[in-house]
Each structure stands twice: as structure tokens, then as C-alpha cells.
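I opened my notebook to get to know a new structure. Here is what I looked up, entry by entry.

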2 protein chains.
Amino acid sequence: MAVRLGILGLGTVGTGAVQLLQDTVGRHPLLDEIEIYRVGVRSLDKPRAVQFASGVVTTDLDAIVTDPEIDIVVEVIGGLEPARSLMLKAIQAGKHVVTANKAAIARFGDEIFTNANLARVYVMLEAAVGGGIPVIQPLKQSLSVNRIHTVTGIVNGTTNYILTRMTQEGSSFNDVLADAQRLGYAEADPTADVDGLDAADKIAILASLAFGGRIKLEDIYCEGIRSVSKTDIAYAEKLGFVIKLLAIAVQTPRRGVSTTLSVRVHPTLVPQTHPLASINNVNNAILVEGEPIGQVMFFGPGAGAGATASAVVSDILNIVAALKTEKLSTQEHQSKISLINPLLACRHQDYCQIVPNSELVTKFYTRFLTKDQPGVIGKLGTCFGNHRVSLESIVQTGFQAELAEIVVVTHDVKEGDFRQALREIETLAAVDSIPSLLRVL
Amino acid sequence: MAVRLGILGLGTVGTGAVQLLQDTVGRHPLLDEIEIYRVGVRSLDKPRAVQFASGVVTTDLDAIVTDPEIDIVVEVIGGLEPARSLMLKAIQAGKHVVTANKAAIARFGDEIFTNANLARVYVMLEAAVGGGIPVIQPLKQSLSVNRIHTVTGIVNGTTNYILTRMTQEGSSFNDVLADAQRLGYAEADPTADVDGLDAADKIAILASLAFGGRIKLEDIYCEGIRSVSKTDIAYAEKLGFVIKLLAIAVQTPRRGVSTTLSVRVHPTLVPQTHPLASINNVNNAILVEGEPIGQVMFFGPGAGAGATASAVVSDILNIVAALKTEKLSTQEHQSKISLINPLLACRHQDYCQIVPNSELVTKFYTRFLTKDQPGVIGKLGTCFGNHRVSLESIVQTGFQAELAEIVVVTHDVKEGDFRQALREIETLAAVDSIPSLLRVL
């Protein structure tokens with residue numbers, strides 16, 4: 001018997017998934033055992049790129065999530081509500097859920113997974129991070145035998161596109177953003193992308209899988225790319241770096257506490273030889289580091305109808321394979337047994353403890369504008385020294401309108417110490433301003 | 001009840017897997033439900049880096065593969081025999097098999113998987129390709145909803161290390177090989193690596209998973225890196241390429257035949273902007289292209305005890321998860337049901353049809369040494385034209401001992417046509433020799 005889908009939403013991703021499911025030749029044969037039973041849309045009158053038998057398309061989404069004929073609910077509406085409520089209702093009705101909704105999972109994952117575990121159903125979310133790149137399933141399965149210590153990702157295509165063009169063309173953020181909006185690579189309201197919020201949702205999800213604990217979004221330090229200047233991109237290049245918006249989750253040993261994480265999103269100077277440095281344009285990549293595996297990286301298109309549809313349908317296929325295995329025994333024994341495969345389910349239940357940024361140890365790049373007078377570099381160096389901030393380099397790079405420009409790169413230092421040094425430096429009469437402050441990978 | 005392992009072999013990979021399984025804190029909790037029940041070795045007297053309870057280690061490997069207490073046999077002996085026979089015996093005794101043995105799987109996969117399907121057991125081989133990189137399981141699961149058209153891999157760490165050093169240092173193959181042998185990156189007998197045989201085994205396995213059909217090793221065109229010269233590496237760089245040993249499997253539409261493949265291993269000029277161009281040293285990467293996903297790439301350490309152990313244990317974990325799901329129902333119903341998850345099993349049964357190289361369409365790079373006389377370039381151009389070989393560039397690059405050196409890059413041409421043109425060119429009085437012939441990605 002076919003496994004029956006109720007699909008919520010027929011936008012770009014929903015349409016892509018339907019096209020894939022309606023054209024299965026040359027794909028996995030198990031796809032032929034899937035039936036698109038209901039598709040929920042807002043309006044029946046809108047012209048669609050896909051066709052269905054009469055009665056399949058409906059505007060009654062609530063009826064879909066409670067329909068006893070449906071095995072799997074595919075949530076591709078996006079947004080927080082009604083997506084959250086519909087997923088919860090589907091779970092309570094004993095349906096498995098496939099979703100591409102990073103925002104809802106990052107915010108309501110606790111509620112959703114708690115309910116899913118109680119109902120013994122799967123909630124699958126490969127499409128929520130990295131578009132089509134298989135990264136969620138490898139984290140749950142293959143990589144889970146490792147002790148993961150770091151997950152570092154370029155997980156937002158829009159900002160990576162903007163930074164790539166700024167780097168390649170020497171253009172400013174505002175010019176490239178305007179062009180990206182014109183070309184459809186950035187939305188009219190670019191906030192979620194350029195301020196790092198989308199990347200924060202995604203690293204919350206990746207970290208929860210990699211470290212086996214839930215993450216509160218408000219615990220994630222989040223800084224976007226609006227303040228990245230072409231000046232800093234050019235200096236970074238001279239120093240051997242490219243600037244990337246990284247989403248980072250790293251296990252940070254802390255006295256007396258077993259597992260604490262630092263989870264953050266910020267523009268970062270990445271060494272040009274680092275695997276993430278060459279990930280350009282709208283591509284995404286996720287680098288996972290652990291013991292004993294070392295470094296593995298997953299690279300691919302971070303968005304797009306086809307790539308995201310591939311991820312959505314692969315989740316459906318995984319559930320179908322599990323149900324097919326289950327159905328064998330059910331039929332044989334005339335009883336309903338729910339056999340949840342622990343590698344498809346989400347195992348995290350508790351919250352991770354997050355280290356405050358002040359305790360974070362990292363390298364910094366910072367740029368000062370100062371009066372052009374002797375001894376300024378010495379004064380800066382003394383202030384840093386007063387706060388145990390050890391420097392890798394301090395270079396006067398040029399002049400900007402009568403002011404001297406000085407670029408400082410530190411060794412690994414405690415962010416709290418570094419901030420205190422900056423506060424002291426701001427009081428120096430010779431210092432005009434601190435236009436940039438970036439972290440270094 | 002714990003799932004019981006019988007491990008065959010306690011070399012580098014076996015020891016790495018045991019270390020991982022004996023130290024499970026911070027890894028997937030399911031690992032605690034695994035018991036190392038027997039370990040088969042050749043000699044009991046050899047000092048070992050790992051300890052076992054008395055009675056676990058034995059030299060009787062045949063007893064392990066038939067022991068009714070054992071659920072999973074882990075074959076990490078390597079080599080063709082007795083690995084093949086032991087795996088077959090284990091399968092016939094109803095045991096699941098995990099292996100890292102690319103050579104045995106590439107040669108005897110037909111026999112092994114046919115028997116496994118009959119016995120309804122899993123044969124898992126994540127460690128056979130790409131060390132710790134999760135690529136086998138994504139091909140079976142997430143990517144299988146796509147129509148894969150190309151798999152391109154840097155799958156041999158030794159040759160990638162040698163080519164990287166030749167490129168970075170301008171050294172010759174023989175010098176770098178000798179140094180790699182001294183450093184332990186190449187074996188005393190480097191044939192399997194440098195002649196591309198190891199890469200051929202691996203692309204046979206990847207292609208069988210990606211295209212759902214078995215591959216005969218003798219159908220794979222295989223050319224190693226012994227003939228790659230520092231001269232060609234330098235010219236390639238000037239033309240915007242790096243030279244990599246690629247293993248390629250590509251679906252080639254052929255009149256009247258539905259699915260035919262070209263499967264080959266050869267040194268290749270890769271454009272410097274291509275994702276595979278920046279994969280250096282002993283690292284591996286596998287690029288998968290399909291519809292609708294586009295390009296995804298998996299990158300990581302291609303070898304090493306830790307990385308390979310991660311892959312072996314992830315396979316064990318996958319089977320344990322499946323068995324745990326199954327055991328629930330078995331206990332409940334007091335009967336043995338074998339529920340094989342179709343996404344863990346191997347679905348291919350038939351052989352793929354392979355296109356002969358003569359029909360292959362690709363770009364070529366070739367270097368000629370000719371007499372230094374007027375009109376030679378014209379004569380070369382005419383010969384290529386006679387055989388429908390269209391050229392992208394033809395450049396006299398310099399002189400070598402009175403002879404002119406001419407480098408030709410073609411457009412996409414049929415390999416058969418190109419070879420015929422070369423045969424005609426070889427008869428020209430002005431042509432001294434054709435020192436290099438390489439394909440271009």
C-alpha cells in the first residue's frame with residue numbers, strides 16, 4: 001500500500017517536491033510507493049506549475065493534518081504560524097512530519113520534538129539547513145559516533161553572495177545589496193539574511209544535532225555583515241584572509257561544567273587556505289570537526305527549489321523506508337507497532353549550556369583611526385598589554401583624511417579582556433575612532 | 001540485550017574501531033549497547049594497543065563467522081582472501097557484515113551482495129571509500145531521490161599528496177614519490193596507488209551506488225600519474241588548471257540504450273575555480289551532480305586510523321539501530337522477522353553498460369615536440385581538422401634541445417577521432433614526439 005502524503009503549501013519548495021515525486025523514473029524505486037494524497041493551499045484559483053487529480057488540492061489545512069488516511073505531513077508553508085500549530089496537530093494525530101522550516105524548528109523545536117517523542121513519530125528537517133546538502137542526516141547517523149567539537153558553517157547564501165562580490169569587485173555593502181535585491185538574490189527586506197538571523201536559526205539546529213542538546217536562540221551571539229567595509233576586506237586580503245559570515249558552534253571546556261558551547265554568528269576573517277575560504281557566491285558549506293574523524297566538510301547549493309526539494313523528498317523517503325520495514329511486521333502480526341529508528345529520531349532533550357561571549361577565547365582584527373602623532377602605536381600596545389591582550393601584529397596601514405589608520409591583529413585572547421582594553425583605548429586623546437572590529441578564525 | 005560483534009583483524013583500522021567502541025562517553029548512546037564479543041587475529045602473541053577480557057581474542061576466524069552468538073561481523077583484515085570467503089560464510093550464517101575492504105567489494109561485490117540479499121542481511125561499506133567522509137550512506141539515502149548524472153572524486157590520498165607537492169614545489173614525480181615513501185604517505189610498492197588501481201576500485205563502488213547497477217572492474221579505463229611531468233603541471237597552471245587524479249563516473253546517453261556509463265580514472269586538468277581544484281594533500285573529495293540537486297561535494301581525510309574507524313563504527317551503529325527497531329517486534333511476538341531497510345541495503349543487481357573510451361566526448365590537452373620549422377602549427381591544425389577535432393588553443397610554448405614545444409587544447413571531441421588525428425600527426429616528418437596527453441575536465 002502506498003504511503004500517503006499531505007503537503008502543506010505549494011510555493012517554490014512545495015512545487016519542487018511535487019515535481020520530483022511526479023517524475024520518478026531514474027530515481028529511487030521506493031518513490032513509486034508514495035501517493036500525494038492531499039495538498040493544502042491558500043487559494044484554489046492561483047495558477048500552478050503542477051497538476052493533481054480532482055479532490056487532492058484543498059484549502060482546509062486543518063483537515064489534512066488530522067486526516068486518518070495520511071501518514072506523513074510535509075510542511076512547506078514556512079513562517080512561524082500556522083506552521084507551528086499545524087505541525088503540532090499533525091504530530092498529535094500520529095503523523096510523521098517533514099519540514100523545511102528552520103525558523104519554526106529553531107524557535108519551537110523543544111515543543112515539537114517533545115511532542116514527537118511522545119507520539120513516537122519522526123520529525124525530519126534536512127531541508128532546514130544547507131538546502132540540498134545532506135548534513136542533518138550525516139550528523140544524526142554517520143558522524144554521531146564522533147565526539148564533535150566544532151561545527152562551522154557558511155549557511156546563508158545571500159550574505160555569502162554579497163561578501164563574495166564585495167571581495168571580487170571591491171564594492172561596498174550597500175551597492176552590492178541593492179544589486180543583489182535587483183537580481184533576486186536578496187529580499188526586499190534583507191534583515192533576516194544580512195543581520196545573521198537566518199544563520200542563527202541554522203546553527204541552532206546544527207548545534208542541537210551535533211552536541212545532542214537543545215539551543216535557546218536568545219543565547220546565540222548574532223552579528224550581521226552590514227558593518228563589513230570594503231576597506232577591511234582589502235586589509236584582510238593583504239593579511240591572508242577572506243571575510244565570511246560564519247555560524248560557529250564550538251564545545252568550550254569550562255571549569256566544573258562538563259559540556260558548554262559557544263554558539264555565534266559573525267563576520268570572520270578566514271585564512272585563505274582554510275576549506276571554507278573558497279566557498280563563494282550563494283553556495284553553502286558546513287565543516288564538522290570531531291574525534292576521531294578530524295575535519296569533514298559538506299558543500300553545495302544552500303537554496304533553490306530543486307536542491308531544497310531534494311532534501312524534502314529524501315526525508316520523505318527515509319520515513320517511507322522506515323514505515324515499509326515496519327508495515328511488514330504489522331501486517332504479519334495484525335497489530336500496530338511503532339518502531340522508531342533511533343538514528344532518524346532526534347535524541348536531544350536537555351538544553352545546552354552556552355558560554356557568555358566575554359569568556360570566549362578568539363583572535364581579533366581591529367582597525368583604529370588616530371591622530372597622526374608619534375607614540376600612538378606604543379600607547380595602543382600598552383593598553384592591550386594592561387589587559388593581558390597579546391598582539392600578533394600592529395601596523396600603520398595608511399591615512400584617511402589627516403588621520404592615521406592602524407590595524408591590529410591579536411593572538412587568542414579572552415573577549416572580555418579585549419573589550420576592556422578597547423574601553424581604555426577609547427579614552428586616549430590620540431584615538432579618533434574604532435571603525436572595525438572583527439573576529440579571526 | 002547487547003548487539004554482539006565479531007571483529008576480523010586488529011590492524012590499524014580494527015584497533016581504531018575498538019578504541020572508539022571502548023570509549024563511548026560523549027558519542028551516540030546506542031554505542032553502549034554493542035559488545036565486542038570476539039576478535040580474530042593471526043597471532044595471539046603480538047603486543048596490542050587495546051585490551052580485551054580473556055577469551056575474546058582468538059585465532060579461529062572461521063569460528064567467529066559462524067558463531068550463533070554473533071550478530072555483526074566486522075571485516076577489517078583487508079586483501080582479497082580470506083576476507084572474501086569469511087564475509088560469504090558470515091552472510092550465509094545470517095550475520096550482517098561491515099567492511100572497509102574496497103578491493104574485495106569492487107571485485108566480489110556481485111557475489112557478496114547477491115548472497116546478502118538472499119540471506120536478508122546488511123553489508124555496509126562506508127569505510128571503503130573516502131575514509132571517514134560520509135558519502136556511501138548519503139548516496140544510498142539522501143541523494144537517491146536525484147537522477148545522478150556524474151560522480152567525480154579525488155579518492156586516493158597518496159596520489160593527491162604527490163600531485164600537490166609536485167605542483168607546489170615544481171618537483172618531479174620520482175623525487176616526490178621517494179620522499180612520500182620515506183614519510184609513510186606512499187607504500188614501498190606504490191602500484192595500487194600511483195597506477196590508479198585503488199581509485200578504480202573506489203569509483204566502481206561509488207558508481208554502483210549512484211547509478212544503481214554493478215560495475216565490472218575490467219570495464220574501467222585506468223591511467224595513473226607516473227607520466228605526469230612537472231612541465232605539464234607548469235603549463236596547466238599557466239592555462240588556469242591544476243592536474244588531479246580524478247575518478248569519474250558519468251552517465252552518457254547513447255542512441256538506443258537507456259543507461260550507459262563512462263567510468264574512468266586518469267590524471268585530469270581541472271579548472272582552478274572548480275571545487276575539486278583546491279582539494280590538496282592527502283585529502284579526498286567526492287563531487288556528486290544530479291537533478292534536481294545540482295552539485296554537492298563531500299570533503300575530508302581519505303585515510304587514517306581515526307577517520308576510517310569513524311566510518312566502520314557508523315556502519316555498525318546503523319545496523320544496531322535497525323536491529324534494535326527489529327528486536328522490539330521480535331520480542332513482542334516471539335518470532336524472528338527480518339526487516340531489511342531498503343535505504344541501508346544495496347539495491348543494485350544488474351550490471352551497468354559501459355561506454356568504450358573511443359566514444360567518450362571530452363577535452364584534451366596534449367604536448368608535442370616538433371622540428372623548429374615554419375608551418376608546423378598549420379600541419380597539426382590540418383590533421384586535427386581532418387578528423388573533426390576542433391581546437392581551443394594551439395600555442396608554441398618554447399624550445400627543448402633544438403625542438404619546438406607546442407601545446408594543444410581541444411574543445412569537446414570524440415576520443416576516437418582525437419586518437420585518429422594523433423596517429424596521422426605521428427607520421428608527420430616535422431613531429432619528433434608527443435610527450436604528454438591529458439584529459440581536461
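Which residue stands opposite Gly40(B) in strand 3 of chain B? I found Thr58(B) there.

**Ground rules.** I am reading a predicted model, where local features need pLDDT of at least 70 and side-chain atom pairs count only at pLDDT 80 or more, while totals for chains, interfaces and linings use all residues. Residues are numbered from 1 along each chain as its sequence is written, chains are lettered from A and ligands numbered from 1 in the order in which they are written, and side-chain values use heavy atoms, with hydrogens and water left out.

**The sheet in chain B.** I traced an open sheet of six strands in the order 3-2-1-4-5-6, with parallel pairing. Its edge strands are strand 3 (57–58) and strand 6 (123–124) of chain B, each pairing on one side only. Strand 2 (residues 34–40) of chain B runs parallel to strand 3 of chain B, and two bridges join them. Strands pair here if DSSP finds at least two bridges between them; helices (H or I, at least four residues) and strands (E, at least two) are DSSP runs, numbered from the N terminus.

The angle is taken between N-to-C directions, on a scale from 0 to 180 degrees, with axes fitted to C-alpha atoms, for helices over the stretch in contact (heavy atoms within 4.5 Å). After helix 3 of chain A comes Gly94(A), with a positive phi near 80°.

Lys102(A) sits in helix 4 (residues 102–119) of chain A. Leaving out residues up to four places away in sequence, Lys102(A) touches Ala128(A), Asp198(A), Asp201(A), Lys202(A) and Ile205(A).

**Two copies.** I noted that a rotation of 180° with 0.0 Å of shift along its axis superposes chain A on chain B (RMSD 0.0 Å). That is the relation of a two-fold axis. Within chain A, the residue closest to the rotation axis is Phe298(A), at 2.5 Å (C-alpha).

Conventions: Least-squares fit on C-alpha atoms with pLDDT ≥ 70 in both.
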